[in-house]
Amino acid sequence: MPELKLDAEEIKRCREAAATIADGVDDFIRGHTTTSVERAVLRLLGVEGADDEGVPTVNIMVDQLKEEDMLSEGAALPLAAALKSSGLELDELTGRISRGEENLAQLARDAEISPAELRKFLGKPAGKESLELSRVRDQRNELQERYPPGDRPWKYVIVATGNIYEDVRQARIAAREGADIIAVIRSTAQSLLDYVPRGATTEGYGGTYATRENFRIMRSALDEEMEELGRYIQLVNYCSGLCMPEIAVMGARERLDMMLNDAMYGILFRDINMKRTFIDQYFSRLINAYSGIIINTGEDNYLTTADALEEAHTVIASQFINEELAFRSCLPPEQIGLGHAFELDPDLEDGFLLELAQAQLVRQLFPGSPLKYMPPTRYMTGDIFKGHLLDAMFNLTAAITGQDIQLLGMLTEAIHTPFVQDRALSLDNAGYIFNNAGGLKEEIDFSKNGRIQDRADKVLGEAVDMMEEIAEEGLVSALEKGRFASISRSPDEGKGADGVIAKDDSYFNPFTTLFREELEDDAI
Amino acid sequence: MMPSESIDERITDFDRESIKPYGDEPGDGMIQLGFTLPVPPGPKADEAAVRLLEKMGLEECDVVHSRGLGDEFTFFIIYCRCGETVNYEEIEIATVPGTSLSYEEINELIAERSPRPLRVVGACTGSDAHTVGLDAIMNMKGYAGEYGLERYPQFETWNLGSQVPNEELIRKAVEVDADAILISQVVTQRDIHLKNLTEFVELLEAEGRRDEFVLVVGGPRIGHELAIELGFDAGFGADTRPDEVASFLANELVEG
């Protein structure tokens, strides 16, 4: 394997700074929950369904509690109180609430049951749910033993027709053409919906709605392909936006294998409130950790707005921060798919060397993580032939530096969502290079004083400086100053700010401790 | 040695009133095509592709590559000849006027003729989350070596970013007393951008504020003619530089 000589002291300083930064985030969000976290808790406790207008019951319940200022104790205790005092089965209770016959806040207030008793009552449904999620996790492990996934780099392609059934057709073709991972791109703007749509959907702009039923449909289609091909096909969706923790619950239940789940993406690129995002990412990542789901972070996006030559160190800094925040949600390195991208201007002299330097640097900084490598987008034009060549250089970089999750570039990137043939051509491109040049990494080394080594040193050096400055000033202030992606965000603004709720002493989320304890036991 | 003039004389001129594709020699009409049909691969699929192209008036179709995609699709690469011609001379393309001033000239013009710097509010509206185009025009760094509007001392800018509702964009433009509104539409599906742009103009007209702003739209699927049709004052396509937009705004607002 080619190896850069990296300064171990600098790497240590980056991780120390990341820990300080994460402490700051902990302080920033301490004592708060969000409406979306509480809706996820209700989902985990088995609340399903929606009213006549399609408003999910979890939204109705959380809104009722919020209106009566009862969300400060969380949603689990009021649900337990209502169940216990009414003696109703969960389905009956949720049915009545969604029909407007009962109000959760009222039922809970009238119940007069001690919190200790309610916590005890919640032990059973919470334990049952966590057992169910661990069963899904075990099932994934068993299937992957029987039908081993393809070799790394895994070939990751996207389907995005808006119609889940058409997505299935295209995903099947892609799997047969060699795809290892299928991502169903989410309908544009779903990230800003403050509820999760339901059912199988056949219309969407720029993608397909993330619903539990759509997850199930695609999962079962890919499982059929798995049996046919003898190869496990991984499924990806988006655990992001205003419903991040709820989508984590859906993904955990329907055996998604990866989730796009970045700590800062929503803040920067969707203008979602900082506090909301940090709280939501913590709980959603805890669910993903427990469910054995690999998260994908989104650092590649920085380079679509900021310059890849000058801002390469911001990607590294963000990866260290994303990693540390993921550790705090009990995610082990092998479930932290850190993102980066091949986005340098192709007209740059020896730009390929700089791409190699960056990819190799990331590889060595995070040796245990499945790296997600994103293809060129910024300099893709209507010239599909040049685009195909750029994608080949991107694939060669991945082969040499040992990337793991290779999101394949499409020759028609700047033109349209991929045609069925575009996907096949890009699978051919990657398949050819990984097969034809996969062994190159065992044969080469980088010159000690060469340009690749120099570039890596420079980027790491800048990353250390940036991280220590952020550790000093705090992440909130760094985001305010536009240090990432050249986008500036203020801590009190952004979408979903009104869903951030201060907890009181009685607050209880039965799953946080349950998941944490089990994950920490596993780690030992 | 023959003088070069006589070489040029011997090279065939093209009749611009009747042009067709050029592959390897004048008038060969060669076209390269790539597409997929929802049928299984095989000679029958190839024949179907050829018949389809013949229906379109294409001739001598040569299937140079065809391969199955899964069981029910076939992808083709086909070369063929086009018998049709087009009159190049009669074509007229609408372009945005007044885009040739330089950075310095723009600043000078505004400083001389306007009581205050020009105020510009920009956004990617509707569901579009792609700010590449908007940032290229508005942000400090700019595009293709030209500074963005933010860098001009004579422009005050508000870049509202992505997924901004039309109502919100108008509210902001009114709040800051903007002179111009820039809308960027990059990724579009099934012409949703057209609907969105039309709605914006209608909303502005309904509020009786259409005349308060110069309206500019940009994006890879946008042309000046389309923009005018939609009720905007100018439309800029791919590869537009910030100075072209700045120059148009300065001319339109100060000279206009």
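1. Basis of the reading. In this predicted model, local features need pLDDT of at least 70 and side-chain atom pairs count only at pLDDT 80 or more, whereas totals for chains, interfaces and linings use all residues. Residues are numbered from 1 along each chain as its sequence is written, while chains are lettered from A and ligands numbered from 1 in the order in which they are written.

2. The sheet of chain A. Nine strands of chain A form an open sheet in the order 7-6-5-4-3-2-10-9-8, with parallel pairing (two strands pair if DSSP finds at least two bridges between them; strands are DSSP runs of E of at least two residues, and helices are runs of H or I of at least four, numbered from the N terminus). Strand 7 (336-337) and strand 8 (339-341) of chain A stand at the edges with a single partner strand each, so one side of each has no neighbour in the sheet.

3. Strand 2 (residues 154-159) and strand 3 (residues 181-184) of chain A run parallel over four bridges, and Y156(A) has I181(A) as its bridge partner. From strand 3 of chain A, I181(A) and A183(A) point one way and I182(A) and V184(A) the other way, yet all are buried (20 or more other C-beta atoms within 10 Å of the residue's own, with C-beta atoms placed from the backbone). Strand 5 (residues 258-260) of chain A is joined to strand 6 (residues 294-296) of chain A by three bridges, again in parallel, and M258(A) stands opposite I294(A).

4. Helices 8 and 9 of chain A. Helix 8 (164-176) and helix 9 (residues 212-229) of chain A pack at about 25°, their axes 10 Å apart (axes are lines fitted to C-alpha atoms, for helices over the stretch in contact, and angles run from 0 to 180 degrees between N-to-C directions). Helix 8 of chain A is therefore roughly parallel to helix 9 of chain A, a term for angles under 35 degrees. By class, their contact has nine nonpolar, one polar and four charged residues (Ala, Val, Leu, Ile, Met, Phe, Trp, Tyr, Cys and Pro count as nonpolar, Asp, Glu, Lys and Arg as charged, and the others, Gly among them, as polar).

5. Helices 1 and 12 of chain A. Helix 1 (residues 8-29) and helix 12 (residues 274-290) of chain A pack at about 110° with axes 10 Å apart, and are therefore roughly perpendicular, a term for 65 to 115 degrees. V25(A), F28(A) and I29(A) of helix 1 meet K275(A), F278(A) and I279(A) of helix 12 (residues are in contact if their C-beta atoms, placed from the backbone, lie within 7 Å).

6. Helix 3 of chain A. Eight of the eleven residues of helix 3 (residues 57-67) of chain A are buried, among them V58(A), I60(A) and L65(A). Their cover includes helix 2 (35-44), helix 4 (76-86), helix 5 (90-98) and helix 6 (104-111) of chain A.

7. Chain B and the interface. Chain B has an open antiparallel sheet of three strands in the order 1-3-2, in which strand 1 and strand 3 (residues 73-82) pair over eight bridges. Between the chains, 17 residues of chain A are in contact with 16 residues of chain B; helix 8, helix 13 (302-305) and helix 17 (420-437) of chain A each give two or more residues to the chain A side.

Technical notes
Two residues are in contact if their C-beta atoms, placed from the backbone, lie within 7 Å. Angles under 35 degrees count as roughly parallel, over 145 as roughly antiparallel, 65 to 115 as roughly perpendicular and the rest as oblique. A residue is buried if 20 or more other C-beta atoms lie within 10 Å of its own, exposed if 12 or fewer, and partly exposed in between; C-beta atoms are placed from the backbone.
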